[in-house]
Amino acid sequence: MRDAFSEALVRLAKADPNILLLTGDHGYALFDDFRSECPKQYINAGIAEQNMVGMAAGLARAGFRPFVYGLSAFIPIRVVEQIKLDVAHDKLPVIFIGDGAGFVYSHLGTSHQSTEDIACTRAIPNLSVYSPGDRFEVTVCMEMAYQSKSSVYLRMGKSDRGDVHASKPQVNYGDLFQVKSGSMAENLAFIATGSMLCTAMEIATEAYPDATVWSVPFIKPINAEQVTDICRHARAIVTIEEHSVLGGLGSTIAELSSEFAPVRIFRVGVRDRFSRYCGSYEYLLKEHGLDVEAIKQQIHGFLIGN
Amino acid sequence: MFNAKTLRKTVLEMAYAGSTVHIGCAFSIIELLAVLYRKHLRYPGNDPLAANRDYLVLSKGHGVMAQYACLRELGWLKDDAFSGYFSDGSELKGLSDSLVNGLEVTSGSLGHGFSVGVGLAMGAKLRGTDQKTYALVGDGEINEGPIWEGALFAAHHDLENFMVIVDENGFQAMGSTDEVLKLGSVQSKFESFGFVAMTIDGHDETAIDDAITNLTESKSKSPKALIAKTIKGKGVPFMEHDNIWHYTRLNAETYAMALRAITEGIK
């Protein structure tokens with residue numbers, strides 16, 4: 001995923017000299033290619049995220065296309081107000097890349113973990129929120145972000161969970177991707193985003209072979225008609241995300257469903273708590289009940305009660 | 001144009017019409033804005049959105065009435081915007097908003113405009129234009145951390161086209177800057193960050209003009225800092241140095257007294 005990100009960034013920047021990459025002293029090896037291919041378009045703004053975002057707004061006003069990179073615990077969380085006032089208020093074409101979202105920095109603790117970023121950014125007017133699920137979706141999201149000419153937050157989570165797509169998918173802006181078809185009789189739909197797309201595919205394939213699986217790389221704006229259609233034809237829906245169940249993908253789907261096509265929705269995600277323990281990524285997923293077995297059990301319980 | 005007395009009168013009239021606060025905060029920057037607009041800021045074609053304009057970023061957004069008064073003189077704002085200030089559905093807000101042509105940023109939450117200004121200056125430098133960026137900040141505002149993040153960046157990248165102007169009126173919302181969070185020497189602070197800095201009387205238009213000219217014509221590659229010693233509420237004796245005019249609204253009596261003071265130049 002990170003290679004796809006770097007490749008897209010370098011390709012876009014070589015074609016458009018107005019693209020600038022601003023980093024808050026993060027992304028050491030990630031930007032080796034960018035720094036050698038586009039050295040004049042690289043700015044290390046130092047460990048000073050608030051100023052970096054304000055500057056990005058100024059640079060965008062002066063006609064540049066800034067990509068602002070940081071860990072998602074800092075970009076956007078530390079700088080929500082700068083994003084709101086300096087950038088989104090005027091629909092400035094600044095693209096925020098929040099890397100390492102969710103529990104990627106599992107050993108480092110709460111400061112570097114990020115499970116509230118979608119909720120915080122989704123409520124900001126004029127700001128789009130992307131959450132790609134594999135390297136092909138990263139490429140699509142990067143291209144869409146560049147073409148959108150508006151403010152975008154692109155969330156990158158655990159990057160080595162494998163591919164779901166076989167090649168770069170064709171998509172309309174805001175659409176959900178169906179990554180697994182199902183049977184009309186079963187009518188169980190999984191809707192997942194980011195790192196949890198692979199998990200959703202694994203669970204559906206093993207335990208619910210007739211269920212459909214949808215990927216949501218564009219959390220905002222989202223194709224509301226498509227979501228409504230999925231809800232209308234489903235007996236039940238399971239949303240899965242490496243993010244709080246408050247304000248993220250599950251909330252997005254539940255909001256649309258409750259208004260246009262009510263259906264029971266089970267939101268799998270972080271249950272409004274911080275990590276208590278240190279450990280591997282897999283360990284942290286277990287702590288939060290986001291490993292495959294725990295999710296299977298939760299879904300089973302939900303469906304029995306259905 | 002940009003007569004200080006006229007500008008203060010405009011501020012007073014709109015503050016009374018809208019029953020608004022932040023009068024003292026606007027009065028302290030009248031001469032600074034007057035000199036900038038009269039002598040230094042370039043708006044080709046008198047166009048507030050001209051691509052090659054200089055940038056004036058009002059980072060202390062609560063001083064915005066002073067800037068509105070200047071935009072009226074430029075013909076960018078019409079008289080009814082002033083008589084209808086704060087009326088329902090009107091355009092001009094109580095803090096700077098970039099939706100108004102001529103205002104570069106949406107400020108009011110402090111410590112934002114400075115960084116946007118650094119970005120504008122960096123953009124001009126990357127493009128190789130001769131555009132200047134002036135960021136006007138309050139002395140209370142420089143409590144904010146991003147100011148100093150941006151100061152490091154501006155100096156590191158030799159943003160000689162960037163000038164911060166500090167309205168050092170000695171007060172912030174809850175009291176004097178000495179009482180709230182001691183600043184010490186603002187000039188030395190910016191100098192230690194790598195700026196070329198000067199301190200002047202912020203109500204002496206000749207001194208302001210000379211200082212801005214000296215700083216912008218300086219051969220130094222460093223960013224510039226102009227520390228303007230000002231008086232909060234300047235121009236109306238009963239408002240001067242009285243921080244209550246950060247919050248107080250005018251009534252018929254105080255409006256008449258203030259108007260007389262400005263018109264007659266009462267000391």
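A salt bridge here is a side-chain nitrogen of Lys or Arg within 4 Å of a carboxyl oxygen of Asp or Glu. The legends below describe a predicted model.

**View 1. The salt bridge between Arg122(A) and Glu255(A).** The closest N and O atoms of Arg122(A) and Glu255(A) are 2.8 Å apart, which means that the pair falls within the 4 Å limit. One salt bridge is found across the interface of domain 1 and domain 2 of chain A.

**View 2. The two domains of chain A.** Domain 1 covers residues 2-155 and domain 2 covers residues 177-304. The centres of the two domains, taken over C-alpha atoms, are separated by 26 Å.

**View 3. The buried area between domain 1 and domain 2 of chain A.** Together the two domains bury about 2,300 Å², and carbon and sulfur atoms account for 57% of that area. On the domain 1 side, 30% of the area buried against domain 2 comes from Phe103(A), Arg122(A) and Glu137(A), more than from any other three residues. Arg122(A) is also the residue that forms the salt bridge with Glu255(A).

**View 4. Contacts across the domain interface of chain A.** In domain 1, 30 residues are in contact with 31 residues of domain 2. Polar contacts across this interface number 22 residue pairs, with both residues at pLDDT 80 or more. Helix H5 (117-122), strand E5 (127-130) and helix H6 (135-148) are the elements that each give two or more residues to the domain 1 side. By class, that side has 14 nonpolar, eleven polar and five charged residues.

How values were computed
Residues numbered from 1 in each chain as written. Chains lettered and ligands numbered in written order. Predicted model: local features only at pLDDT ≥ 70, side-chain atom pairs only at ≥ 80, totals over all residues. Heavy atoms only, no water. Domains from an automatic or database assignment. Contact = heavy atoms within 4.5 Å. Buried area = accessible area lost by both parts, 1.4 Å probe. Polar contact = N/O pair within 3.5 Å; in protein donor to acceptor, adjacent residues only side chain to side chain. Helix = DSSP H or I, 4+ residues; strand = E, 2+ residues; numbered from the N terminus. Nonpolar A, V, L, I, M, F, W, Y, C, P; charged D, E, K, R; others polar.
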